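Subject: Structure handover

Hi,

Here is the structure I promised to pass on. Please open it first, then read my notes below.

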Amino acid sequence: MEAIKNLFMVNIPASVAVIGLAGYFLSMAVVFVISPIKNAESFSIKPVDNAGKTEIRVYYGGISFALGAFLLYLTFALGTPVYSLVGGLFFSTTVFVTRTIFLCVDKGWKCPYTKLAIPAEGFFVVALWVCFILSKVLY
């Protein structure tokens, strides 16, 4: 346990971000594996058959699990959370920018999910960038 504590003390802002990222991805994995249809519908996604239900579990659940686990693995393997934070920044910023662009193209601004996703993702991305900047300035 002491080794884990020391690892995360290497760079506190990056550690906070990685814990948040891994927690988010691992939580999303559990939610989508356990209840794929209910949760997908809150994202305006509805499978047309049981294979669609499996795809929701695989892509939203499985890939979320893989991302969260990989960020933790990378932190432990390299002995620093900084590279995991950078990976999380690439992923989160790309998702946010792509969502924003295609909401304009697809005219999805009025959808209930969008009204939650844009501010939540925007806040999350800004918080990650703040952690990244602090990790560089302070360490």
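Does T75 count as buried or exposed? T75 counts as buried, because its relative accessibility is 0% and the cut-off for buried is under 20%. Please keep in mind that this is a predicted model.

**T75 and its surroundings**

T75 sits in helix α4, which covers residues 50-78. Its side chain makes a polar contact with the side chain of S84, at 2.8 Å.

**Helices α2 and α4**

Two packed helices are described by the angle between their axes and the distance between the axes. Here are both values for this pair. The axes of α2 (residues 12-34) and α4 come within 7 Å. They cross at roughly 155 degrees. Angles over 145 degrees count as roughly antiparallel, and α2 and α4 are therefore roughly antiparallel to each other. Their crossing is left-handed.

Which residues meet there? From α2, the list includes V18, L21, A22, F25 and L26. M28, A29, F32, V33 and I34 of α2 are also on it. From α4, the list includes I56, R57, Y60, G61, S64 and F65. L67, G68, A69, L71, L72 and T75 of α4 are on it too. So T75, buried at 0% relative accessibility, is one of the α4 residues that meet α2.

**Salt bridges**

How many salt bridges does a search of the whole structure find? There are two.

One joins the side chains of K46 and E41, at 3.2 Å from N to O. K46 counts as exposed, with 62% relative accessibility. E41 counts as partly exposed, at 38%.

The other joins the side chains of E121 and R99, at 2.7 Å from N to O. E121 lies in helix α6 (residues 112-138) and R99 in helix α5 (residues 82-106), so this pair ties together parts that are 22 residues apart in sequence. E121 is buried, with a relative accessible area of 16%. R99 counts as partly exposed, at 25%.

For comparison, take D106 and L128. They are also 22 residues apart along the chain, and their C-alpha atoms are separated by 27 Å. D106 is in helix α5. D106 is exposed, with a relative accessible area of 56%.

**Backbone points to check**

Which residues have a positive phi although they are not glycines? S44 is one of them, with a phi of about 65 degrees. S44 is in the loop between α3 (36-41) and α4. S44 counts as exposed, because its relative accessibility is 54% and the cut-off for exposed is over 50%.

K107 is another, with a positive phi of about 55 degrees. K107 is found in the loop between α5 and α6. At 70% relative accessibility, K107 counts as exposed.

**In brief**

T75 is buried and has a side-chain polar contact with S84. Helices α2 and α4 are roughly antiparallel, with a left-handed crossing. The salt bridges are K46 with E41 and E121 with R99. S44 and K107 have positive phi values.

Best wishes

Technical notes:
Residues are numbered from 1 along each chain as its sequence is written. This is a predicted model: local features need pLDDT of at least 70, side-chain atom pairs count only at pLDDT 80 or more; totals for chains, interfaces and linings use all residues. Side-chain values use heavy atoms; hydrogens and water are left out. Helices (H or I, at least four residues) and strands (E, at least two) are DSSP runs, numbered from the N terminus. Buried means under 20% relative accessible area, exposed over 50%, partly exposed in between (1.4 Å probe, protein chains only). A polar contact is a pair of N or O atoms within 3.5 Å; within protein, one must be able to donate a hydrogen and the other to accept it, and residues adjacent in sequence count only if both atoms are side-chain atoms. A salt bridge is a side-chain nitrogen of Lys or Arg within 4 Å of a carboxyl oxygen of Asp or Glu. Axes are lines fitted to C-alpha atoms, for helices over the stretch in contact, and angles run from 0 to 180 degrees between N-to-C directions. Angles under 35 degrees count as roughly parallel, over 145 as roughly antiparallel, 65 to 115 as roughly perpendicular and the rest as oblique. A crossing is left-handed if the near helix is turned anticlockwise from the far one by less than a right angle, and right-handed if clockwise. Contact means heavy atoms within 4.5 Å.
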